[in-house]
Amino acid sequence: ISSTKINDLSLSYVRPKWGIGRPITNVPDVTTEMGLKNASKLGGSPGLSATDFTIASSGLFVWDPTQNTYQAKDDFSFTRGKHSFKVGAHMTDRRLYYLIQSVDKGRFAFLETYTKPCPVGKAICDTARTSAGVPDGGLALADMILGTANVVDLQLRGLDWHGQQKYLGTYFQDTWQVSQKLTINMGLRYEYWRPWTLPRNAATTFDFSGEGSIVYSLKNPLDVYNPATNYGRDAELNPNVPRQGYTTSNVNLAPRLGFAYTPTPNTVIRVAGGIFYAGNINTNQMSDNQSGGPPFTLQGGAVTDRTEQTKNSFVLPTATSIPKAFGNPLPAVRVLGQQYYPIPAVYQWSVGIQRRINASWAANFDYIGSHTIHNSQWVQFNPGELPVGPLADLPLQERRRLKGWGSIDGWVPWGSGKYQSGTLGIKNRDWRGLSFMSNLTWAKNLTTSYSLIDSDRGNPHYKYYDNWRGRSNYIPTLRSISAWSYNLPFGERMRYKLSGVADAIAGGWTISGITEFSTGAPITMSANDNTGTGTGTQRPNLVSGCDIGNAAKDRFQWFNTACFVDPAFGTFGTANQGIANDPGINNWNITLKKSFIFGEGKDLEFRGELFNAFNHTQWAGANTSLASSSFGRIGATRPARQLQFGLFFTY
C-alpha cells in the first residue's frame, strides 16, 4: 500500500486425503469363513492376540478420510515511529468426509487366565497352590483353543461420519523498539473453534442420573435412516441437547509478551511467555465420541467368564434398536462424556541467551516450560468399583456405576501435561574448513496419559484417571544432536597443496555427518488386569527400595525385572508410567563426497553415505509386559550399518 503499510491477503482451497488401516479390496472375508456372525462385509479377519504368541491377523481399522478445506487470511502491517503494528484475521472452514470402521471384524484377546490352576484373585486357592509347590501355570494359547477370551469386542458403524468445523482467529500485535538495546513484543489473539457439526445430527451424549440413558441430538435418532427427514438433516432436534452434542469454550484469549535485550554487542537475552490454544482435536476420537453409540454405531461383546464357541461371541442389537438399561445383552456404548469440551490450552514461557564468542563461534542456552490443560484422554465411565471392603464379594456388574449398562467410554478433556527443557548449544559459520552445530537437551514431560499411539490412555477408570501420572513415552531425558561438515585440507587450493593426479584423487574431499547420542525414551510397564474393575488395564507394583537399573543391561535383561510384581487383587499398581528407560541411541551417519569438474557448468559428484557408520548395536525396545515370559528382554534391534554410494552428474 505504501512504504510503511503492507496488506497480505490469501485465499485457498485444499483437498487433503489421507488414511491408515488395512486394505479393503482384494482381501478375503476371513471372519465369515470362520463362522463369526454380525461382522462387517469388508475384507479382513478378527484381531487376535495371545500372551507370548504371535498370531497372524489383519488390522482392526479402516480409516479413509477426505477433507475439503477453505481458508481466508488477511494481515495488515504498518509502522509508526518506533512501533511496528500488525493486525489480522484467519477463517477456516473444514468439511470432512470420514469413511471409518474400527474393530468391524471383531477382536479377541486371550490370556492364561482360564487355564491357570487357580482363578485370579482367589486367595485361598493361591495359598494352597503355593503350599503344594504347584506353579502358577496357564497358557494363553490353551485359553484360545478352549475359546475362553478375556476380551471380545466388535463395533459396526451404521453411517459414515461427515463433519464440518469453522475456525476464526483475530489478533493485534505491537513490536516496540524501545531503544537500540531493548525491543518489546506484545500481542493478543482471540480464537474460536466451533464444535464439529454433523449434517445428519447423529450426535450422542449420556445422562448418568438414575438408571442412565443415551441422550441424542435428534428427538428421534432413527431419523438418520429415514428418507422422509432427508436422513436426519431435516429432522426435529432435541431442545435440551446441543445440535453437535457438545459445546466448547468461546472466550479463548491468548496474550503474548516478550522482549529481546542486548546488554553487550555480543550478547542477546530473550524472554517470552504466552497462552496458546490447540483446537484441532483428534478427529478419530471426536468421530468416535459423537457417533459412537447405537443406532449410529453398534457394539457387541464383553469380558467373558465362561468357555464358549467364539462364533457366537458377536451378539449385536439391530440397527433400529435404542439401547436402554438392563437390555439383553447389556448395552455398551461410546459417547461424549460431557456436554462441555473446552479447547486445550498451553501456557508456555521461555528464556534464551545467545553469546557470540568470536567472529566464527557462538553459544546459546534456552529454557522452555509449559503447562497444558484440557488434553483429550480416554476413560471408562462405567467400570466396576474396586472389590474391597463391603464390595469384595460382589460380581463386577453389581459394582458398576450403572448396573444396567456394560462398558461406557469415550474421550474427555481431563488430561494435562507439564514440560520443561534446557538446551545448551554451540555453532559456527566456518572455522578452518569446519562447519559445526551441536545441541544438548535435558527434558522432562509429565502427563496423565502415557501414549498418543495408545489413544491417549492413562488409568482408564474415570475416578482414578490421573493416578498413573508420570513421564510421557516420547521424551528422552538427555539428547545430543550434532551436525558437522569438514573440508579436508588436501588439494590445489588447500593448506596441503596437491596437483595433477594426486589432486584429482585425494583433493577436494568433504566429510560431513549427523551424530546423535540419547538416553532411551521412557517406558511403561503393564500387568494382567486384576483390578476387578473390568477396565482391562493394570500396572505392576514397584517393589520398595528396588533398583530398576540393577541389571545386566543386555538383551536378556534390560532392567531389573525383580522390581515389579503383580499387585494384590482389587488394587491399582504403583508403577507409574515412564518408570524406566528403553535403550538409548549412539549413532553416527557420515557422508564422504568429492566433485570432479569436466568443464564449464559440468561436474560429477561422488557420494558415499554410511548410516550407523560404526555398526554400533542399537537395541530396540524391551518387553514391558509382566505377564510375558519375555518381560525385560529385547527381541530386536534398529538397522545395522548401511552403505550407499551414488554419482551425480550436473550439466
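**Reading strands, bonds and rings**

Me: In strand S8, which residue is the bridge partner of Ser 84?
Reply: In S8, Thr 175 is the bridge partner of Ser 84. The model is predicted, so local features need pLDDT of at least 70 and side-chain atom pairs count only at pLDDT 80 or more, while totals for chains, interfaces and linings use all residues. Residues are numbered from 1 along each chain as its sequence is written, and side-chain values use heavy atoms, leaving out hydrogens and water.

Me: How many bridges join S5 and S8, and in which sense do the strands pair?
Reply: Strands are DSSP runs of E with at least two residues, numbered from the N terminus, and two strands pair if DSSP finds at least two bridges between them. S5 and S8 (residues 161-177) pair in the antiparallel sense over 16 bridges.

Me: Which other strand does S5 join, and over how many bridges?
Reply: S5 (residues 83-102) is also joined to S4 (residues 61-80), by 20 bridges, and these two strands run antiparallel. Within S5, Thr 92 is the bridge partner of Gln 71. S4 and S5 form a hairpin with 2 residues between them, and Gly 81 in the turn has a positive phi of about 60°.

Me: How many disulfides does a search of the whole structure find?
Reply: A disulfide is a pair of cysteine sulfur atoms within 2.5 Å. The search of the whole structure finds 1. It joins Cys 546 to Cys 563, with an S to S distance of 2.0 Å. Both cysteines lie in the loop between S27 (541-542) and S28 (564-565), 17 residues apart.

Me: Why is the disulfide of Cys 546 and Cys 563 called left-handed?
Reply: The torsion about its S-S bond is about -75°, so the disulfide is left-handed.

Me: Are Cys 546 and Cys 563 buried or exposed?
Reply: Buried means under 20% relative accessible area, exposed over 50%, and partly exposed in between (1.4 Å probe, protein chains only). Cys 546 counts as partly exposed at 24%, whereas Cys 563 counts as buried at 0%.

Me: How many aromatic pairs does the structure hold?
Reply: Rings of Phe, Tyr and Trp (its six-membered ring) pair if their centres lie within 6.5 Å; planes under 30 degrees apart count as stacked, over 60 as edge-to-face and the rest as tilted. A search of the whole structure finds 29 aromatic pairs. One of them is the edge-to-face pair of Trp 361 and Trp 431, at 5.9 Å centre to centre and 70° between the planes. Trp 361 lies in S17 and Trp 431 in the loop between S18 (408-428) and S19, so the pair ties together parts 70 residues apart in sequence. Trp 361 counts as buried at 16% relative accessibility, and Trp 431 as partly exposed at 37%.

Me: Why is the pair of Phe 559 and Phe 631 edge-to-face?
Reply: The ring centres of Phe 559 and Phe 631 are 5.3 Å apart and the planes stand at 70°, so the pair is edge-to-face. Phe 559 is in the loop between S27 and S28, and Phe 631 in the loop between S31 (602-611) and S32 (642-650), 72 residues apart. Phe 559 and Phe 631 are buried.

Me: Which residues do ring pairs link into a cluster?
Reply: The cluster consists of Phe 206, Phe 208, Phe 381, Trp 405, Trp 414 and Tyr 465.

Terms used: Helices (H or I, at least four residues) and strands (E, at least two) are DSSP runs, numbered from the N terminus.
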